[in-house]
Every structure is written in C-alpha cells, then in structure tokens.
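Look at the sequence and the model shown here before reading on.

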Amino acid sequence: MAVLAAVQDRIVNPTTVKIARGMSHFGEHSAGWSALALVGAAVDKRRRKDWVGAAAGIVGAHAASIAVKRVVRRPRPDHPNVRVGVGTPSRLSFPSSHATSTTAAAVLYSGLVGRNVVPAIVPPMLASRLVLGVHYPTDVLAGAALGGVVGGFVRRKLNRNRSSR
C-alpha cells in the first residue's frame, strides 16, 4: 500500500488522471486493443488471419486474467492514502486485466508491425492503473507477465501458421 500511495503522490495530477481514465476506458474488457486488431484485419488483407488471431489472443489473455482473478480473489486497494480515480467492473484486483490484455496486444502487434511496441504501450498502461488507484504494483506486474506469456504463445503459433502457408 505504501508503494502505491508513494507512486500516486509523485505522479497524480489532473492531467495524468485524465489520461489514465482515457486509457482505462480504451482498455476495458480488452475492447480497444481488440478493435485495433480488427481494424488491422480490415486494412491488411494479406495478413487478415494474423490480425484476427491477434484479436483472439488479446481476448484470450483478458479471459485468462479474469480466471486468475476469480481464483486469487484479492480485493482492490482500499486505504485512505490511495485515491481511486475510476470505477471498476469488479472488486477483484489480481492480476490487472488491463495490464494483461495490453501486454498481450503489444507483443502480438510487435510481431505484426515488425517493430517492438511493448516499451511504448505497456508502461503507460501499467502506470495508469496505479494513478487511478485500482491496482497494487504487483497486480500490474503479474498482469504484464501473464499477458506476455499469452501474447508470446499466440505470436509463436501465428508465426508457425504463417510459415506453413
């Protein structure tokens, strides 16, 4: 709790909260990341199957995080020193589904665009969950790890399928 409160003390201001809320809405239920993959499928007809596979991987990563949440059942932060800046669909915290689906999306998109987008996409989403006070640091780290594993697995499968075509 002390780490979360310290992070908030250092980086929370009206601008970061506004940005974090936008990111939260975009990442809710992996919808924004899945929608981007479907746009990729519509635009990049040659790799349509890969983009649809990426969308499925992102949704799968989100589903995996929900399954883990229901097993672990860790409650979200609730402390007077932590400011909550957004509503959440559940009271469960571990792992962060936003961190999971964002990391999976970043890993999958990196393979599709030929550039490592993980450093540009993942840290801001992880930080946003702390700014909003809805996750502990370990929640976002575990979510990123889970998303990385799922995204990496799906990416390898897509690469194998592509090479066999």
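At what angle do helix α5 and helix α6 pack? The angle between α5 (residues 97–113) and α6 (residues 118–131) is about 175°, and their axes lie 9 Å apart. Axes here are lines fitted to C-alpha atoms, for helices over the stretch in contact, and angles run from 0 to 180 degrees between N-to-C directions. Angles under 35 degrees count as roughly parallel, over 145 as roughly antiparallel, 65 to 115 as roughly perpendicular and the rest as oblique. The two helices α5 and α6 are therefore roughly antiparallel to each other. On the α5 side, the contact is made by His98, Ala99, Thr102, Thr103, Ala106, Val107 and Ser110. On the α6 side, Val118, Ile121, Val122, Met125, Leu126 and Arg129 take part. Contact means heavy atoms within 4.5 Å. Sorted by class, the residues in the contact of α5 with α6 are eight nonpolar, four polar and one charged. In this scheme Ala, Val, Leu, Ile, Met, Phe, Trp, Tyr, Cys and Pro count as nonpolar, Asp, Glu, Lys and Arg as charged, and the others, Gly among them, as polar.

A note on the source: this is a predicted model, in which local features need pLDDT of at least 70 and side-chain atom pairs count only at pLDDT 80 or more, while totals for chains, interfaces and linings use all residues. Residues are numbered from 1 along each chain as its sequence is written, and side-chain values use heavy atoms, with hydrogens and water left out.

Now take the whole protein. Its secondary structure comes to seven helices and zero strands. Helices (H or I, at least four residues) and strands (E, at least two) are DSSP runs, numbered from the N terminus. The radius of gyration of the protein is 16 Å, close to the 15 Å that the globule rule gives for 165 residues, so the protein is as compact as a globular protein of that length. This radius is taken over C-alpha atoms, and the globule rule is 2.2 Å times the number of residues to the power 0.38. Along the principal axes, the C-alpha atoms fill a box of roughly 55 × 35 × 20 Å. Of the contacts with a separation of 6 or more, 77% are accounted for by residues 24 or more positions apart.

How much of the protein is buried? Buried residues make up 47% of the 165 residues. Buried means under 20% relative accessible area, exposed over 50%, and partly exposed in between (1.4 Å probe, protein chains only).

The loop between α4 (48–72) and α5 holds Ser93. Ser93 counts as buried because its relative accessibility is 0%. Leaving aside neighbours within four places in sequence, Ser93 is in contact with residues including Lys69, Arg74, Tyr136 and Asp139. Pro95 lies in the loop between α4 and α5, and a cis peptide bond with omega of about -5° joins Phe94 and Pro95. Arg73 also lies in the loop between α4 and α5. Arg73 has a positive phi of about 60° although it is not a glycine, and at 53% relative accessibility Arg73 counts as exposed.

His29 lies in the loop between α2 (14–27) and α3 (31–43). Phi of His29 is near 55°, a positive value in a residue other than glycine. With 48% relative accessibility, His29 counts as partly exposed.
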